[in-house]
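Please take a moment with the sequence and the 3D view before reading on.

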Amino acid sequence: QVLLVESGGGSVQPGESLRLSCVASGSILAIYTMAWYRQAPGQQRDLVAQISTDGNRLYADSVTGRFTIARDNTKNTVNLTMNSLKPEDTAVYYCKADITPLSGWHPSVYWGQGTQVTVSS
């Protein structure tokens, strides 16, 4: 079984920072692209940032220059550092990873349970 567990969400004021972490655990053979998505109430789940196994990064236009995604392949973790937070960043943030389990032959998509980020004055 493979699990993704996020941590680090919370409530902050505009302009402040937060750091989200996600760790993959279980019977894992390989982890490929890791990513963060977010979903605001009544909205679809959108990509925030993703990072490939060799470190190539992709960001949504709305967070470019403010958010940074990083991964530690030795610890099966992906982090999202969020600076200069705005009220419109308020959402539930989800970790996603393409993982081949030990019992599998090809990668499958796994999601974390989500962590709430609220930006409000």
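Tyr 37 counts as buried, because its relative accessibility is 15% and the cut-off for buried is under 20%. Keep in mind that you are looking at a predicted model. Tyr 94 is buried too, with a relative accessible area of 13%. Trp 111, at 36% relative accessibility, counts as partly exposed.

What do Tyr 37, Tyr 94 and Trp 111 form together? Ring pairs link them into a cluster. The structure holds two aromatic pairs, and here they are side by side:

| Aromatic pair | Centre to centre | Angle between the planes | Arrangement |
|---|---|---|---|
| Tyr 37 and Trp 111 | 5.0 Å | 70° | edge-to-face |
| Tyr 94 and Trp 111 | 6.5 Å | 85° | edge-to-face |

Why do the planes of Tyr 37 and Trp 111 count as edge-to-face? They are 70° apart, and the label applies because angles over 60 degrees count as edge-to-face.

Now find these residues along the chain. The pair of Tyr 37 and Trp 111 links distant parts of the chain: Tyr 37 belongs to strand 4 (residues 28-39) and Trp 111 to strand 10 (residues 108-111), 74 residues apart.

Which rings does Arg 45 sit over? One is the ring of Tyr 94, where the charged end of Arg 45 is 3.6 Å from the centre. Another is Trp 111: Arg 45 lies over its face, 4.7 Å from the ring centre.

Note on methods:
Residues are numbered from 1 along each chain as its sequence is written. This is a predicted model: local features need pLDDT of at least 70, side-chain atom pairs count only at pLDDT 80 or more; totals for chains, interfaces and linings use all residues. Side-chain values use heavy atoms; hydrogens and water are left out. Rings of Phe, Tyr and Trp (its six-membered ring) pair if their centres lie within 6.5 Å; planes under 30 degrees apart count as stacked, over 60 as edge-to-face and the rest as tilted. Helices (H or I, at least four residues) and strands (E, at least two) are DSSP runs, numbered from the N terminus. Buried means under 20% relative accessible area, exposed over 50%, partly exposed in between (1.4 Å probe, protein chains only). A charge sits over a ring if NZ of Lys or CZ of Arg is within 6 Å of the ring centre and within 35 degrees of the ring normal.
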